[in-house]
Amino acid sequence: MCPPAYASEALKSRPRSDSTLDAYSPASRNEPGDGNWKVIQATNDRDTGASAPPLTVHLTPRFFVLVTILASAFAFSMGTMSRLILLSKMGLHPSSPSFHDLALLPINDTSNGVTQLPSPTVIQGKEVPFTTYTTKIFPQDSASTSHTVHLDRAYSLNLHAKEDVDEEYNNQQEQKASKDREDDADDLHLPAGQHLLVDMKNVDSSFLNSEVRLSRAMIDLINESKLTLLSYHCHTLVPMGVSCAGVLLESHVAFHTWPLEGSIVMDLFTCGAEPLIPVLPMIKNLFGIPSQDLVLGEEPSEPIMQWSHKLRGFREGFAPNYKRHENPLEHDLGLMLTRLDLDKKVPVVSEETDFQHVDVYEVIDPNISDGSYESLNPDSFRSDKILFLDGVQQSSLFGDAAYHEALVHPSMITHPHPKRVAIIGGGEGATLREVLKHNTVEEVVMVEIDEELVSLMKTYLPEWSDCTDIAGSDADSCFDDSRATMVYQDAFKWFIDRFGNGESKEEKFDVIIMDALDPDQFVEIVGNLYKDNHFVDALYNGLSEKGVFAIQIGETETTSDPGDDTGPDQDTANMMRALQSVGFQSMHNYDEGHSHFQAPWSYLVCLKDSKSRASWYRTAPEIEIELHQRLHSTESGAPALRFFDGSTMVDYQTPPKAAETTYCRKEDEPWECDEYLGIDPEFVNAPISHLEARKSTLGEHAGRGLFAAQDIPMHSTLDLSGSVKAFYFLPLTLSVLEDFYEWADVNYDEYAYVEDELSSVYTFAYGYGYVATLLGEKHVTVDSGILSFCNHGCNGTFSYGEEESLGFTEMNVDLDHAPEALLNKISIVYSPVFERHLRQILAVGDYTLRDIHQGEEITCDYLSFVGDPVEWEEDVTGLRAQCLGETRGDIQEYEFETNADEPVFDNFATECA
């Protein structure tokens, strides 16, 4: 049978071959089959040279079954071998748990064999511009699927509103939404944005391997965040995992998953005005699916989320009227939010009051680890809480005690008996809490402008104002203590109205503590405040005679900072000048490094009376006794203070080195920076071997004297190593000594031996020492070295001192008025240099005023030793009498009156020589 024409034509068109098999011949369909290929006819064109019918075969059902079985077995074997090889490359083994976990992971949802991914939609009312789209996909063996989905512009989300909502309310909401959209659209064109990074673990593995579920979660997140997803592209990876990247109208979103590890990382960047931090709960809810891969009886682990938020790009110079200080995220809050390493970072409250934006965050910092049980088991202990006002950190739960104790107690114990105290600011209540610990306090007036802030603090940070452990408090909350008076007004206006004119019937305060605006912030209100003396005048006038003012002045300076009158701290410098100009007599700067800020924090205490310096410079034991007598006990029996004590106060007495450095970088360098910073290297020191002590050549009244054992050139210091070992009769010590001496004199008949014993100490102090009031009240410094035997050079003939001559001698000065230049009292209201080198000023600084030859007696200027203006006339009269030979010195007089066979203080002279 001839083949049909179409078959003949097909054969003619085929390439030439040795033989042809045709399974489509009519004959092949009519021949009975025997289960094998059956050759019907074969021809060889080369042999016959003529055309012949095609070869016809039969394909039986048995053949098809056999081929299918063999092909399936071959494919299965090859697939299994390939899978084993691939898993071995990944470090997995069929016996490992990870291998079986992989087998349990679901295949992406499909419909009719094709993965169906959801489409992005448009939010109702939001205008989305048309865009062009360009893409290129690079095939990779590691990706099993690749899908790109675009925005469905034909469908928009229908936001259902309640049918009974008032029409006017709907209009107002629409106007607000319209304005927000306009603001958001404006921000889209700025070169700035927000960047949110999110890391999560303990997430369900099947969810993390489902491209459909993940893309659905991404679209829900974008819609709930009021963003617009233009398109997204996803890959399912081999052997597992999903990577997706979405293009937003506002920028982009992307994530990658590790199903076996239960982890996902996400990257969301937007250029719109809508804040991203409120999106975090949505991310936790949509992507934090708890793991279901559990062993029988095992509880699912809560998904853990770590995140970081950061402002990106440029705003100043591009956004109209943008000011960095008005954006909370440009301050401490923004720095904290950028940290991705915090184990916990949860917003407790974020609210806008009429005056400021209030944020409280709860955090756990894993970097705070000292090997203690607490640091190694953070879940068993409470997390830290941090308060931010307008983005600036105010205090924290862990740093609260150190910060507020440093602010309050130095000023409180410097005042002898504070009864009435004012607090400016301090809305969290911790400053009030510390003041109420003092049993002398009868009333505390707290002037805080923001009543809403106080309410928020009561609710979210009650620890700050907790008075339950203070034995002297009659309320659980310090705000409710009967001694506390709350005034919700502008503190600046409140003080000016009551004390601005200098004449007020209002009762004055013993201590005023200002815990409000940091003067180191570049905020307009701060600059205006400290440039205007009206408020500072009111503060000064509002203080009692021995009043004390305390203020926190912001982050401690560093040694690399410029002078405060030229650098970024000019408002602080303005404040310093204002405080000095109104009449404060002594100002002290100190810092505290345990307040949990980004750097140590600085404080300033201002004394209305310079005599209060004696209280400021008390020793640690004196302060400990004062605190013991002053503070209320606690109900729990715990110490009343956690950080502040006598040793801490002694540390506060010395200003930070950085404060001295920046103080000396002023454009007009203070004179003491040249005078007291170290020892002049041009001066040569004459050691003790170049000196000797023996009988003075100045007369019988002089006693022993100091002589040059070798020639000593001009501008030489004498025995520096011995001079710095001077010891002091501090104000309290001297006061006790004098009181005891007077008591013994009154009761001499019964306690004669007491006066006799004290007389030698008293005479030694005043005979060999010199008086000053640099510490506020009279105190005596005694050289412990050979310089103690330097006698007075009468009529300006002294050869050792600070100045060649000021024109004053014991013979020509006015006995009624002591020259300021001669009085050793504090004449500089504020000087970190002076306070840091106070002991050096008292012990060293003199030098030879001319060349001194071997054997010549060295004399000093005792007129400069007269440091107490109260005793000025008596001391100068005594010097005149000695110079005229009419009386003896104190040491000579004491030895004469005691009728001693040997000079009482000869041993001292011998040891010094």
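In the predicted model, strand S11 spans residues 357–364 and includes Val-363. Val-363 has a relative accessible area of 6%. This value falls under 20%, so the residue counts as buried. Lys-344 lies 19 residues away along the chain, yet the C-alpha atoms of Val-363 and Lys-344 are 4.7 Å apart.

Helix H15 covers residues 491–499. Its buried residues are Ala-491, Phe-492, Trp-494, Phe-495 and Phe-499. These residues lie on the same side of H15, because they cover an arc of only 165 degrees around the axis. An α-helix has 3.6 residues a turn, so residues three or four places apart point the same way. The N-terminal end of H15 is capped by Asp-490. A side-chain oxygen of Asp-490 sits 3.0 Å from the backbone nitrogen of Phe-492.

Helices H25 (residues 731–746) and H26 (residues 748–768) form a crossing pair. Their axes come within 7 Å and cross at roughly 145 degrees. The crossing is left-handed. From H25, the contact residues include Leu-734, Leu-737, Phe-740, Tyr-741 and Trp-743. H26 contributes, among others, Tyr-748, Tyr-751, Val-754, Leu-758 and Tyr-762. Across the contact of H25 with H26, 14 residues are nonpolar, one is polar and three are charged. Glu-738 and Asp-745 of H25 and Glu-755 of H26 take part in the contact, as does Ser-759 of H26.

Note on methods: Residues numbered from 1 in each chain as written. Predicted model: local features only at pLDDT ≥ 70, side-chain atom pairs only at ≥ 80, totals over all residues. Heavy atoms only, no water. Buried < 20%, exposed > 50% of the residue type's maximum accessible area, 1.4 Å probe, protein only. Helix = DSSP H or I, 4+ residues; strand = E, 2+ residues; numbered from the N terminus. Arc of directions from axis to C-beta. Polar contact = N/O pair within 3.5 Å; in protein donor to acceptor, adjacent residues only side chain to side chain. Axes fitted to C-alpha atoms, helices over the stretch in contact; angles between N-to-C directions. Left-handed = near helix turned anticlockwise from the far one by under 90°. Contact = heavy atoms within 4.5 Å. Nonpolar A, V, L, I, M, F, W, Y, C, P; charged D, E, K, R; others polar.
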